[in-house]
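Let's walk through a protein model together, one feature at a time. Bring your questions, and we'll take the general idea before the case at hand.

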Amino acid sequence: MRRAPGRAALIWAAVLLAAAGSALAGPPFTEDFESPEPSWAIDHSAPGIVVESHRRQQRFFHSGEAAEELKFRSTEAARELNLFRSTPPARILDDFKASLWIRTRLSDVRLALVVTYPRQIDPRTNAPLVVMLTGEPAAGSGAWERLECGSDPRNVAQLQVRVRSYLSRWVDSRKIDFRDPYVDRILLRIPTTKGTGELQFDDLEAGPIVEPATDADSASPTDRRSGPRLSWADDRLLRDGRPVLSRFVTWQGESAESVAASGFDTVWIRQPDDAALLQSLSSAGLSVFATPPQPPNSLGPRQASMTPFSPATSAVDCWMLGRVAPADLKLVASWSELIQDADRQYGRLLLADVTGRVRDYHRHLPLLGISRHIPHTTVSPLDYSEFLDQGRLQALPGRPLCTILPTEPDEALLTGRDDSGALPVVEPELIRMCAATAVAGGYKLLGFWTHSPLDDDRPGADERRLMLRLINLEMQVLEPWLATGKVMRTTEVRHGESAQPKARKLRQFNPFASAWDRDASSASPSEAPLRATILRADHALLILVDWLEPDAQFQPGALTADSLRFVTPAFDDAAQAFEISTTRVRQIPLDLQPVAGGLEIRLDRFDQHAAILMTNSAVLIQELERNVQAVRPQAAETWVALATAKLNRVEKVHGELQSLVPRDPGAAQPLQTARRYLQRAEQEQQAGRHDDARQWSQKVLELTRVAQHAYWQQAVSRLSSPVSTPYAVSFQTLPDHWRLMERLRENPTSGENLLHSGDFEDEAAVATQWRFESPCVRVDSEFQAEIGLRTDAAQGRYRLHLAARPTRGDRPPPIEEPLISGHSPPIPVYSGQVVRITGKVRLPQALAGTVDGLMIYDTLQGSIGAHRFRKASPNGQWQSFEIIREVRQSDDFQLILELRGVGEAWIDDVRVHVQNPADPNRVQPANAAAAAAPGA
């Protein structure tokens, strides 16, 4: 009978195997913490812990010149904060060891190895088993000390005994397979008590590195994935532990190559189980966001369940739930729990774009989108900036935010138009303005909404695609600072000569005086369209300067200036400032004589947007130069292509407008000059002078905007608002606007007022014909409403009075729905008619709490065409409004009044008139339209 090998033989076999593994080992994995960005990610799963700072600093370090630092605050005792660092996968051998130097006064901080057993499936997650092997605790003396954790055979054996005992509740403990373990992450475990904590860490070493087993019995790399690729930490979005400014686009059937060529890193799709599509996107280097399946509607929240997501969905990095309303909170909360249950294997982040209840949603979803469509509406770029700032303040602190940016007109403007009519175009400068506003607001995840493919051929589509490429190139250059930057403040921007000469004269009488100081007796300046936002990033300040022109959501103007000045905080006592574009890094000479608040920076030439980096780090400047060098040729080519596409489109519309406009707005000369400048830009690009090509292309775009704005200003000068007609909202549709004006001139509207109760003189008629709703009159509401008739009318005796006020305190809570909404009686209109609505509005004081104020719109076009009144009426006078709509389909329509701000609004003298077409046969009553419908 053959004897079994003895214990000594087994030990010698293990030693020989370990020796063989060590012979194949590569050098240990090390990290010296000298780069500017933190490399360790934070696990935010523990509640009650707020990370106040996570950065690389150069004050305390063990070796070199920098170390990573973490500062946090805990509101609850007996919690644990974990930091982790991905490492090359390494087989667990007897001599594997990790070490890290730390400096802290916190006790019991430990280093741990995240060990994966690829042959054993964890029944709780349906993924390979993952456990932690923890080392000895730190003393917490405040001096630098070395933490260690190793795979000593005795420690590994004790760990396996505990794991075997725990898993025996689900599986046969005799069949647990502990073969081929490997380490791919290192964990820093930080026990917390109530209060604040701080630590620095430096000089990581882990090894020896021996590649794990890869035979057929081991789990594949996809199955081995034990954590999400996307995570978040300290107001940063992380991909594989690295801070990123991610940019995704909605997929509309275009090729993956065209999406990647536009510079996007991620695509949002709606089919998470489309294997061919996922493979195509992954092959193009694109990450994927996908809409998860919804639970069956037939099951209640407690009965509904979702089957675990299969490995086929492993390419998905984030679940995007779409756009959700405040009323959907309970449904979305239940849905998110089901998704997380079904996604235990991968633990991917959840994202939703919310329209209200921001903080409540943030308690259920780690990522939130806060978005607003502003093109062709009365929401100005300054309103948009305020909206994004309000969203950031309402969200939970420390979490990165997303916003979805508009790139195309709202679909309400695209439907119901004649086949021969033009479609509105979102000007490429507005797309760039919205993106710049979002990153200046501190948003770390940008989505770009489309409803047509990027390679579409409709007018303006080429410009959209080219501008998106330029935006992505610019953000690629600035990503290290945009991804880590936190908004410090905004600062005033002025035109003209430097403030320094005046400051020197003032200091003759007052040594503390500055030309940036304002006379206390002078009136405050008007709201400026220029804004400089200062972001604090790692080892640098990033200043973003943007021109937020009030009407740019319709048609941007020149957006240029020859001299701009603003004040920024001094940085590390000896700042250097660099202006960054996609083709050049230019050092800005600074007058280091301080002014109130810091240093003055002057830009000699400004065009719509500027990015300025202030730093003393030569390493960062070299990185910046490399980033620009990598994109310079492509950027110059794209600038020239954009200028060509836009000039061609504008010249075509210019040719059509010349026979329609009542007087020449002087647009021909700018376009002729632009054509000459374009030839110069093409020559510079061909000669390889990339920065000159960009600058000449920007001059072309400036001149096209000048021509466009002249035509647009002429069209809207006699309207109460650009939204008065659906064709004055875009330069591209101005020919249709003038055709509509000519039709009204030749055949004026009828004298009969179809809205008899719009003068508000008959209280009984208003009470029976108008319908008013006020959600804020609930018993538990934070608002109270007033609806009634008052004197001081615009004409006659009475006017409509709407008012809403907070019930507690002077500061209103966030307003997420109309405080008061009013609907006129339905008025029948017929296909072929033109409806003209007029009225008067007066606001005694500005409406607070929202950028919407008082909204007035019609059901023929919807809220996209709403007039908005927010500021106090000039000189206390009544303001007139006018709405002109072409009727495409016979139906009843209503006028809607919505008070969305705190304060009061007066409305009076509302009238509705119609114009019939010159050919009476074109008027089609509602019953005739129904009879002519297919299938009738």
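Q: What should I know about the model before I start reading it?
A: This is a predicted model, where local features need pLDDT of at least 70, side-chain atom pairs count only at pLDDT 80 or more, and totals for chains, interfaces and linings use all residues. Residues are numbered from 1 along each chain as its sequence is written, and side-chain values use heavy atoms, with hydrogens and water left out.

Q: How many helices and strands does the protein have?
A: Helices (H or I, at least four residues) and strands (E, at least two) are DSSP runs, numbered from the N terminus. Here they come to 18 helices and 46 strands.

Q: And what share of the residues counts as buried?
A: Buried means under 20% relative accessible area, exposed means over 50%, and partly exposed is in between, using a 1.4 Å probe and protein chains only. Of the 936 residues in this protein, 55% are buried by that cut-off. As for contacts, meaning heavy atoms within 4.5 Å, residues 24 or more positions apart account for 77% of those with a separation of 6 or more.

Q: How do I read a helix pair, say α8 and α10? At what angle do they pack?
A: Axes are lines fitted to C-alpha atoms, for helices over the stretch in contact, and angles run from 0 to 180 degrees between N-to-C directions. Angles under 35 degrees count as roughly parallel, over 145 as roughly antiparallel, 65 to 115 as roughly perpendicular, and the rest as oblique. Now the case: α8 (residues 381–394) and α10 (residues 428–440) pack at about 30°, with their axes 10 Å apart. So α8 is roughly parallel to α10.

Q: Which residues of α8 and α10 meet?
A: From α8 you have Pro381, Tyr384, Ser385 and Leu388, and they meet Met433, Cys434, Thr437 and Ala438 of α10. To sort them by class, count Ala, Val, Leu, Ile, Met, Phe, Trp, Tyr, Cys and Pro as nonpolar, Asp, Glu, Lys and Arg as charged, and the others, Gly among them, as polar.

Q: Is Ala438 buried or exposed?
A: Ala438 is buried, with a relative accessible area of 0%. Leaving aside neighbours within four places in sequence, Ala438 is in contact with Leu388, Thr403, Leu405, Tyr443 and Leu446. Ala438 and Cys402 are 36 residues apart in sequence, yet 8.8 Å apart in space, C-alpha to C-alpha.

Q: How do the axes of α10 and α13 cross?
A: The axes of α10 and α13 (residues 618–657) come within 11 Å and cross at roughly 130°. That makes α10 oblique to α13. Pro428, Glu429 and Arg432 of α10 make the contact with Trp639, Leu642, Lys646 and Arg649 of α13. By class, these residues divide into three nonpolar, no polar and four charged.

Q: Let's move to sheets. What is the strand order in the open sheet of six strands?
A: In general, strands of a sheet pair through backbone hydrogen bonds, either parallel or antiparallel. Two strands pair if DSSP finds at least two bridges between them. This open sheet has the order β23-β25-β26-β34-β29-β30, with antiparallel pairing. Its edge strands are β23 (486–491) and β30 (585–588), and each pairs on one side only. Neighbouring strands are turned by 25° against each other on average, direction ignored.

Q: How many bridges join β25 to β26?
A: Eight bridges join β25 (residues 530–537) to β26 (residues 540–547), and the two run antiparallel. Ile534, for one, has Ile543 in β26 as its bridge partner. Helix α11 (residues 461–482) packs on the sheet and touches β25, β26, β29 (576–580) and β34 (609–615), its direction making about 135° with that of β26.

Q: What do β29 and β30 form?
A: They form a hairpin with four residues between them. Four bridges join these antiparallel strands, and Phe578 has Gln587 in β30 as its bridge partner.
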